[in-house]
Each structure stands twice: as structure tokens, then as C-alpha cells.
Amino acid sequence: MYALDHHDHGTPAIDASTLVTLEIDGASVTVPAGTSLMRAAATLGNDIPKLCATDTLKAFGSCRLCLVEVEGRKGYPASCTTTVAEGMKVRTHSDKLQALRRGVVELYVSDHPLECDGCPAHGHCELENMAEQVGVTGTRYGTDGATARPRKTDASNPYFAFNPDLCIVCSRCVRACDETQGTLALTIQGRGFQSKVSASQDQPFLDSECVSCGACIEACPTAALSEKSLINIGQPEISTTTTCAYCGVGCSFQAETRGQEVIRMVPSRDGHANHGHSCVKGRFAYGYATHADRIRTPMIRKQISDPWMPVSWDEAINHAASEFKRLQQQHGRDSVGAITSSRCTNEEVWVMQKLVRVAFGNNNVDTCARVCHSPTGYGLKQTLGESAGTQEFDSVMKSDVILLIGANPTEGHPVFASQMKRRLRQGAKLIIVDPRAIALVRTPHIEADYHLQLRPGTNVALINALAHVVVSEGLLKEEYIHDRCEPAAFERWRAFVSEARNSPEASEAITGVPAADVRAAARLYATGGNGAIYYGLGVTEHSQGTTMVMGIANLAMATGNLGREGGGVNPLRGQNNVQGSCDMGSFPHEYSGYRHVSDDTVRALFESSWGVTLETEPGLRIPNMFEAALDGSFKGLFVQGEDIAQSDPNTQHVTAALSAMECIVVQDLFLNETAQFAHVFLPGSSFLEKDGTFTNAERRISRVRKVIEPLAGLADWEITLKLAAALGHPMPYSHPSEIMDEIARLTPTFTGVSYQKLDRLGSIQWPCNAEAPDGTPTMHIDHFVRGKGRFFVTEYVATEERINARFPLLLTTGRILSQYNVGAQTRRTGNVAWHAEDRLEIHPDDAEQRGINPGDWAGVVSRAGETVLRADITTRVQPGVVYTTFHFPESGANVVTTDNSDWATNCPEYKVTAVQIVRVTQPSDWQRRYREQSRQRTRIQRADASIV
Ligand code: SF4
Ligand code: SF4
Ligand code: SF4
Ligand code: FES
């Protein structure tokens, strides 16, 4: 059942330059060639009755309700499957057509009686609407077709139910699963009244291949597939457009509410990033926002061993402010700082970094992007001139070759993965560079042309080998390079990658990838038409993360694959607002728009706007803050919506640093791991409770709109404003739109952005300014942002994290679809039905050597620490490599990761840890301590029920 306010045109829009003019019921209409008669009529506001058609799916022509008359043609063609022709004359209404349609609806009603009262779709059901439209209230055929009823409802999925009695077998769900989602989990089995929708091998939805994306529910014209919330609570009253707060795809949703209750989240068909599609997280996993664990009262305590004391907002804010002031008086101006959150809005990040620069008077502000995509920012800025991806998602529909490196989109960026799969099913080629066999290596109707299954930590050797083939086999786009790139830097790079040591044959010993495959993949990318590179944390989270990003940009420039649709270099951002938190200048060395704090002109602009003198030296990065805390010079930290005790590497090092500080203020939805070390807890607000904007991986700025009141009374931006005022630096905003106005005034890539324009356009891809008033879908079109593109020599340097006899395996990490990041949100939703714990994937050979059987406890021991996970024995990983996700704190995945980090940005090397795996019978010491602390925390929390 589609969103409350959607006008369905029946069949998809056609992108064709040839226009056709025809006449429908006497009115002239001009539409692109290939458009259906149904859609052409709908553009005139003439909605032809339909049941099996909807404008997100290809026409199927099964229900025969949409019949029309075409002058000069015999019979009654279906308007959804008949395309327009020049001069055609069409009648959509006549007594004959009405009689035919009535007959069709009566047949449907014989198997689906119009017992609509109490049905969750009542008032929005298409069968009910069609019956009314054609004047059917009962059926001449009797309701014998319904004799098979009642059939059992499948309620196995935590979020939706399938009631076969309400199914009219229109197959919209089957087509949605095939065309929109690309999972192909559904079929229609049987014939006539016995035909029914079946998931996988006629299994309950939960046990089938279904990934719970919701596309089938969205497509279903009746209540056969319905959200449980709609069944249990009833229909919504208000629909508000907002943006998903999970991953960097940034899907647009209609949040449908009744009073203060969210009934459902319906993906917006107008959403430019998702075009009406969604994944299980954004679509269903919003229950965390009102979970009982939400803290709703500010709290303080003297020492971290004391119980929390609920206090008023003023008390908490004044306490935090006086502590920060005391620390700065006693230990100096630089003894305090803040970490901003990539989950908060742009406006919230902006006010936080401003607070640090203005009220703390230093540049000690960093963002959690430090631990994921900081190498992207630096690497792309150096080579191309802008710290962001180059394309919009829709660009992939024009790609001929997709080179996917260190990213697993079906798990991490599912809606974009569905779009990519659509393009791959149309015939685009796919090269995957990944140590692990991700789903896209082989999935229904898709098989990667090459899977370059390299050893973790050898990305740079591989990208150099790919470049070597391009250079040595004459595949360079010489003219493009000559026109657009710095010649001297290019020549240096060409000479470097030409060296024999960078050949695929020489690199094979390092990467483990057969040279012939590297050669073939390089040829395909360089010569196969539009080549697009998509990459993820498997590129950035390495000691050579920045080098690899530069290597990717080099390869794209060398093959002329930048500056047009279908190509590009595209980082897939993990969190919803990673791009935004970086854009907003929450880095210790940069103001918004990636301008260095030592730039006098830029600084003067901020000084005159903010009325203060600003620090000229860069501040501390997150790892430097920890170091400084341990050496006693850094004493106070404000942590905005980020669980550093769980998400940062080498947990024991992080917790030692946190324990060494005198005032930690945590602002979060939940009493997270970091809050164990906090002295002040400020209850944060979820994306449902505030206004603002997020910026997704395409640089797309989208509105977040308040749909319910903040549970703790204040939105995050209001909390920061209160703290700024208490520190003596009030900020004059009454609404986030005013914060955006300031961002636009002070940031050249945002000068054209305003809430008004966002309301008008739906979303905007920055740069948006005088040169690009409606934004910039594709970057670097005529020239690179930095002027000439710059090639960098990318010498491969092996990580210090080496395997040896003691630590003979390499551990790498990743994500799964149902969980998100450290799991604070998704663990508090029905998504635990799919993934209730992190597991260790190990190859059968490695498992056998160690006597490990499926489901056994496996001890994971590294140079940094040890943890215990249950084993999954699988050939998805190669021998010598083990893999886990990191969504559950108890798994302690970061207890074993090391302090190694990217040479340029300090992004941690999460993806490579040398480990030994041993069969064990009990959790590690760390896990036992963690469990005990967790129990204590729950006791503290429950002891004072008023705080939750
Ligand atoms: S479940 Fe809904 S969409 Fe699927 S066949 Fe039945 S009525 Fe059509
Ligand atoms: S929820 Fe998505 S994956 Fe599952 S059956 Fe429906 S369309 Fe297919
Ligand atoms: S793909 Fe990402 S942004 Fe879209 S619904 Fe899923 S989690 Fe949300
Ligand atoms: S809507 Fe055209 S045949 Fe069903």
C-alpha cells in the first residue's frame, strides 16, 4: 500500500528524447515514445482503473481491468501494456468498458469479498477503490472462490504479515522483489483460485531468502502484505517527508504518524537517492527511537564509580560548563575538546564545532569520520581537488563496468546495491576486489566477471598492478590526461607504475591474486566503456588508506573515467551523515568546506562572523586526544552521539584514556559504553525528534523533519546552544534553518543552500552556489576542481601488522544488513531476529587444523587483546583469513584490533589484524569483566527508574 499522498501513474516514466502526441478522450497529450497509454492518461489526471500495474514496476498486463478502446483497432487493449503512437485516438470510458471492468472486479471480489471494515488497508485498498470506481458492491459469481479460506497468515517476519486470504495474485509483490529489490525471493505457485504467493521454497518469510526490504508491501494493492504496526495500531493521520538516519545512501521516507506515534516509514517515490525503495533498517528498524532504554533525563555524577543522579537540564548544563572552565583554568586552554557525530544533523555538527572553536577557544574537535572515511577526504582532495564522491547514485545506470573495491553494498548500502544490481542485470560488467566472497560475487542473475580475492592489507599493490597494465598495454587515455592533468606528476606516476615490480606477475606474491585475472580486469575497466569505481571501508581502514584512495583516483584519471555520468570515484559512506560531518568542518585542521585553519583569509571570515579571535594551529585528532589524556594534558571531552569506547580500535587503550579524564560529557540516546566513563549524561534526540539536514554519499543534502517531540525535551542542537550560553558564548539561532543560513554564508560550496530551496527541490547536491544554483550531480565535468588533476606515486608499503607463527591468520571486519555500526539502534529493534550475535567466519581448512566445529567457541587472540566468538565455517573467506562483524559490544571485536593507522589521517587499520584462533570453552577475561559491568550498569539504571 503506497504512501498516503502518492499519485500512481501506473507504469514507469520513460526516458526518451522522441515525443509522441496523441488524443485521449478528446484531450491532446505529448509524452516520450514508449510511454504506456495508462501513463499518458494519468499525466492528464485521467486515472484508468488498474490492479496489476503500478508506476514502480514494468507493466505485466494480467488483471485486464485497464482496458481501453483505440480508434481503428479491434478489441480492448490493456492500457498498461499498450504504448502510445503518433496521432492515436484513445477512449478510456464507455459503457462497454465499464461493463467489462465490472466483470473483472466481480471476479476478484468472488475470491476477496468486500468485507473491508476493520481491514488495515480500508480506505487505501486498491481493490476497494476499484470496486467503488466501477460500481461493484458484490459479485454475481458467488464467493465460492473464497472457499479455500481461511488460510493461515504468515506472521513470521518481525515487521510484516502475509495474509493469503486478502491476496488477489496480481504478482506485484513478485515483480517488486525481482525488479526493485533484486532478491527474487517470491514466486506464484499453483493455478486459478489455488494460486498463491510463495517465499523461496514455500517457506515462512523469516526463513526464506527475503531480506525484509518492504518492496513487496509497498507494491501490494490490498492488505495481503501489511506492516504489523498498521494491523496493530491502525492507519496514520499525518505524513512527513524526512531522511533515514542509518546509512550513507540517505533514503527519503514518509514518516506516517498518529499523534506522537510513528505508524510506519514509507520510502518516498520522489526521493532522489532511493526512488521509493528502502531496506530493512530504514523501513522498519525505527523502534529504537522510543525504546524503553532511551534516557530521558539529564544525569551527573562526581566519579564514574558513583551512581547517576537525575538532574534538571540547567543543572546538568551548568555543571558541564563549570567543569570545562575549571579544567581549562587548571590545565590550560587545550585541555578540553569534543568529538562530533556523523549521525547528528549538519546543523548540530556545525554548532558543536563552533562551540569548540569559539567557547573552548581551541581546535580540538574531531569527528567519528576519523575512523572511517578520513582517507577519502584527504586522498580525493589531493588528487581531484574535492573531498567527496564524484557522482550521483543514478549515474550507475549509465556504467558499463563497475569496479567494486572493499565494499559490500548488499549489506552496507542495500538500496544502492539494488540499483547497482538492476544495472548489472542489464548487462554491465562487474569486477570485485575483496578478500572475502561477498554476495555480489554470485547472486541470482548476477555473476562477477572477476573476483580479485586479495590478501587483506595488499590493496595498494593491487591498484598499482592494475595501473601497470593500463600503462604498459597502451590503454591510457593520453588526450584526456594531456588536457586535464598535471604533466610532471603524471610522468612520475607513469614511470613508477611501469616498473616491473608493479606488474601483476610481481604483485601476485604479495596480493595472492593470479596475474592473468589482474590483467584481464584492468583491460575490462580501461576499455569497457563507462568505468565506475565504488569503494568502502575496505579501502580506507588501512595503514595505507590514503595511498589507496589516491591510487583509485590515479586509475580513474588514467582511463578518463571522471567528469561524466556512468564513471567516477565513489566512496560508499557508512553512516548517514559522514559526508556532512566532514563538510561542516568538524576536523581539528579544517573549517567547513575543507579549508585549513591556518588560512588567514578564511579564518578572518569566521572571526568577523563569530566575533572572536580563532586559534591558528590545528587541534588534536581523536587518537591524539587519547594520547594526551594518558599523558595527563587532556582532561575534558564532550562526546556527541558517538560510542568511542566500542567503535574505536584497541578498546583497552581507549578505555584507559577515558578513565584518565576528569570530565567526560556524553550526549546520546542510550547509556552506551562510553557513558561508563562519563560524568555528565545529556539525553540526545533521534532523527524523528528534530529538524535539520543530512548529507549522503552523493553529497546530497536532504531535510530531516521533526515528526515527534524530543523525548527528553530538547533536540541536540538546542543542547549545544544551552552549553554555549553557559560557557559565555550564546549562539543566536531559533531554528536549524538559521544555522543553515550561517553555513551557507561561510561555506563557498553551500552558498546557494537554504531550507526554502530544499523544500522546493527535495534535495540538493553540493556544490550549490552561483555557478550551480540547483546543485552538482556530477563533479569535475570540464576540469578538475583543483584545476589540473594530480597523479600521486603510490608506493606499496606492507602494514606493520604481520603474520607470524604466533599470529598466523589475518582478521578482517565488515557489516551485515540487519545491523548497523555498533548496533546501539538495531540491537533494540526486531532486527535481532536475523543476527543476534557477531560470529567468526573461518575457512574449513583453518578450522580443521584447530579442531573447530561449526558453532564452537573460538578464541581470537591478537597482539592487542583477546576475545571469543562462535565459529561459522565457510569458504566465503579464503584460507589464512578470518572475518567478523562488530555490531555487538560483547563481541569485543575492537579489543583485538591494533593501534595501527593510516599514515596521513590516522584512520585506524580495522581491516587487518594478525590473530591466532583457538578452540575455547568460555568467554575471554575481557568479556567476563564486560558482562559483570553490564549487569552493574543495568542495576544502576533500574535502581532509579525515573532516569529512563
Ligand atoms: S500479496 Fe499483494 S502484491 Fe502480492 S500477489 Fe497478493 S495482492 Fe498482489
Ligand atoms: S520484503 Fe523485499 S526481499 Fe522480502 S519478499 Fe518482499 S520484496 Fe522480496
Ligand atoms: S539503504 Fe541506508 S539510508 Fe536507505 S533505508 Fe537502508 S539504511 Fe536507510
Ligand atoms: S492494470 Fe493493466 S492489465 Fe492490470
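**Ground rules.** I am working with a predicted model, in which local features need pLDDT of at least 70, side-chain atom pairs count only at pLDDT 80 or more, and totals for chains, interfaces and linings use all residues. Residues are numbered from 1 along each chain as its sequence is written, chains are lettered from A and ligands numbered from 1 in the order in which they are written, and side-chain values use heavy atoms, with hydrogens and water left out.

**Ligand 2.** I looked up the residues that surround ligand 2 and found Cys177, Leu186, Phe205 and the run Cys210, Val211, Ser212, Cys213, Gly214, Ala215 and Cys216, where a residue is near a molecule if one of its heavy atoms lies within 4 Å of it. I sorted this shell by class into 8 nonpolar, 2 polar and no charged residues; Ala, Val, Leu, Ile, Met, Phe, Trp, Tyr, Cys and Pro count as nonpolar, Asp, Glu, Lys and Arg as charged, and the others, Gly among them, as polar.

**Largest pocket.** I noted about 1,200 Å³ of space in the largest pocket, a pocket being an open set of points on a 1 Å grid over the protein atoms alone, with protein on both sides within 12 Å along at least five of seven lines, and its lining residues having an atom within 4 Å of a point. The volume is the space filled by probe spheres set on the points, which are joined across faces, edges and corners. Its lining has 38 residues, with Pro12, Ala13, Asp55, Thr56 and Arg422 closest to the centre. Helix 12 gives the largest share of that lining, 4 residues, helices being DSSP runs of H or I with at least four residues and strands runs of E with at least two, numbered from the N terminus. By class I recorded 10 nonpolar, 17 polar and 11 charged residues.

**Second largest pocket.** Here I found about 980 Å³ of space and 37 lining residues, of which Val211, Glu411, Ala439, Ile816 and Leu817 are the closest to the centre.

**Cavities.** I then looked up the cavities, sets of points where a 1.4 Å probe fits but cannot get out, and the structure holds 14 of 30 Å³ or more. The largest cavity has about 390 Å³ of space, and among its 29 lining residues Gly406, Ala407, Gly538, Thr813 and Lys911 are the closest to its centre. Strand 31 gives the most to this lining, 3 residues.
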